[in-house]
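Trainee: I'm new to this one, could you walk me through it?
Mentor: Gladly, have a look at it and then we can go topic by topic.

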Amino acid sequence: MASSSTSPQPVLESRSPVIEAGDLVLLKIPNGDIKGVKVEKDSTVTIGRLGSFYANELINQPYGLAFEIVNKRLKVVPPRTLREVEDTDATNELINDGEFVQPLTIEEIQKFKATGVHVSEIIKKQIEQHANYSLKTEYSKEKYKKRKEAKYSKSFTTIEPTLFNVCDYWFNKDQARIRDLRTDSLSQLLNLANIRPGGRYIAVDDASGLVVAGILERMGGQGRLMTICDTDSPPAYPVVANMNFRPYLVSGVLVSLNWATSEEGYVPIIPPSDIPQDQIRSERQKSRLNKRKAVTNLVTNTREELFNGEFDSLIVASQYDPWSILQRLVPYVSGSGSIVVYSPQIQILTDLQTQMRATTQYLSPNITETWLRRYQVLPGRTHPTMNTSGSGGYLLHALKIYDDPNASSVLMHRHKPKKAKLVEPTSEVVSEADDTSSKEKVVGTSADMIMLDVGKEAQ
């Protein structure tokens with residue numbers, strides 16, 4: 001007897017759990033900065049003042065490990081645990097940081113480094129010769145050690161390319177390229193757009209592909225994501241490259257059109273690809289014609305899919321006027337579909353909200369702003385960080401509705417029920433059209449009128 005229970009579907013990983021050749025890897029160096037490097041097989045990776053190492057040393061290593069560079073080789077550093085810092089009666093009020101507090105000169109430190117002395121030994125010698133180190137508090141001593149480690153250590157930690165880590169990396173690196181889209185605003189955008197596996201979405205992403213990367217990760221290789229861009233060729237999204245997605249998450253899911261081909265009245269100019277076989281002179285020409293035909297078919301099928309509509313959501317994070325984008329793409333969104341527009345300036349969204357409220361096509365256009373405050377979490381030293389970003393941008397969310405009174409009977413129930421009128425029966429023959437009209441009127445009668453009719457028949 002066959003079991004009625006279905007076996008669970010296998011969970012497919014969005015990326016490899018280990019570093020593979022060709023991946024873009026994020027490295028966190030001791031001073032807190034994050035560097036992005038590409039790991040190619042049989043190559044050498046250089047990280048500024050930290051030096052260089054062989055890329056093969058990093059391939060097939062799991063994310064999250066700390067490494068130290070020793071003669072272009074990588075040595076795994078064991079993780080450090082948090083420990084309680086015992087508070088003492090020491091204060092920093094008697095400390096005078098002059099030039100003679102640290103007698104160890106830069107030349108001596110460089111000599112130690114040249115002879116291969118380990119960083120911990122150099123820091124230990126600095127502490128031993130520091131005149132005021134014993135006067136510092138325990139917290140100041142910890143900070144002093146961390147500063148010296150950040151200055152002399154040749155270690156780094158690999159960071160897993162999750163959406164949070166990649167967004168945080170780009171926000172600190174060049175937030176203008178991602179249009180000041182912060183991690184908390186990105187998560188709110190994806191939730192408002194109701195991104196899920198198997199959905200169909202339209203995205204206008206001028207944030208270097210950050211929105212596209214978030215949508216692809218949540219879709220899990222199921223559904224359709226159509227992006228509208230400026231370029232004729234498929235756009236280059238650098239943030240998507242940082243995610244190290246497996247091919248199945250992108251191929252077959254992500255397609256693109258430019259603004260010209262997304263217009264229904266536009267007729268693309270495409271070179272001929274169907275040439276008689278007797279006119280093909282070489283295999284190279286045949287291969288070029290096959291590629292041209294494949295591109296032509298892809299553009300045609302993508303346009304047809306767009307014009308058929310019924311997409312679940314429209315997500316916009318663009319530098320262009322959002323109202324003109326909505327006028328072009330909202331007709332392809334299905335009823336009750338989400339419309340989410342992101343902008344780093346609130347004035348753009350307030351003007352858009354006013355325009356949307358003037359039409360009956362949009363339901364409840366609301367503007368929200370997320371606020372983020374980071375905390376330092378350490379034993380006995382948990383507190384908000386001193387510096388924080390001013391704003392992570394603004395989001396406008398609305399639902400598309402159909403302005404069709406015949407689509408629902410909600411308006412009918414808003415009217416007050418009228419008193420039923422008794423109509424005297426006549427002997428005239430009622431035509432089929434009149435009979436249909438009378439049936440439509442009966443649908444709109446109230447419960448009181450039906451009760452009166454039933455009472456009259458009972459009499």
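Mentor: One term before anything else: buried means under 20% relative accessible area, exposed means over 50%, and partly exposed is in between, using a 1.4 Å probe and protein chains only. This is a predicted model, in which local features need pLDDT of at least 70 and side-chain atom pairs count only at pLDDT 80 or more, while totals for chains, interfaces and linings use all residues. Residues are numbered from 1 along each chain as its sequence is written, and side-chain values use heavy atoms, with hydrogens and water left out.

Trainee: Okay, is Gln-353 buried or exposed?
Mentor: Gln-353 is buried, because its relative accessible area is 14%. The residue is found in helix α11, residues 346-357, where helices (H or I, at least four residues) and strands (E, at least two) are DSSP runs numbered from the N terminus.

Trainee: What does Gln-353 touch?
Mentor: Not counting residues up to four places away in sequence, Gln-353 touches Pro-365, Asn-366, Ile-367 and Leu-396, where contact means heavy atoms within 4.5 Å.

Trainee: And which residues of α11 are buried?
Mentor: In α11, Leu-349, Leu-352, Gln-353 and Met-356 are buried. Seen down the axis of α11, these buried residues fall within an arc of 105°, so they line one face of the helix; the arc is that of the directions from the helix axis to the C-beta atoms. The face turned away from the buried side of α11 carries the exposed residues Gln-347 and Thr-354.

Trainee: What covers the buried residues of α11?
Mentor: The cover includes helix α10 (322-329) and the strands β12, β13 (362-369) and β16 (394-400).

Trainee: Switching topic, which residues touch the most other members of the largest nonpolar core?
Mentor: They are Leu-189, Ile-195, Leu-210, Ile-215, Leu-225 and Ile-315, out of 38 residues in that core. A nonpolar core here is a set of buried Ala, Val, Leu, Ile, Met, Phe, Trp, Tyr and Cys residues joined through side-chain atoms within 4.5 Å. Several elements each supply at least two residues of this core, including α4 (163-174), α5 (183-192) and β11 (311-317), and α6 gives the most, with 7 residues.

Trainee: Where's the other core?
Mentor: Another core, of 27 residues, lies apart from the largest one, and among its members are Leu-306, Phe-311, Trp-323 and Leu-326.

Trainee: How many salt bridges are there?
Mentor: The count comes to 8 salt bridges, each being a side-chain nitrogen of Lys or Arg within 4 Å of a carboxyl oxygen of Asp or Glu. One of them joins Arg-374 to Asp-168, with the closest N and O atoms 2.8 Å apart. Arg-374 lies in the loop between β13 and β14 (375-376) and Asp-168 in helix α4, so this pair ties together parts that are 206 residues apart in sequence.

Trainee: Is Arg-374 buried or partly exposed?
Mentor: Arg-374 counts as partly exposed because its relative accessibility is 36%, whereas Asp-168, at 16%, counts as buried.

Trainee: Which residue does Glu-305 meet in a salt bridge?
Mentor: The side chain of Glu-305 meets that of Arg-200, at 3.7 Å from N to O. Glu-305 is in helix α9 (residues 283-308) and Arg-200 in strand β8, 105 residues apart. Salt bridges that share partners also join Arg-200, Arg-224 and Glu-305 into one network.
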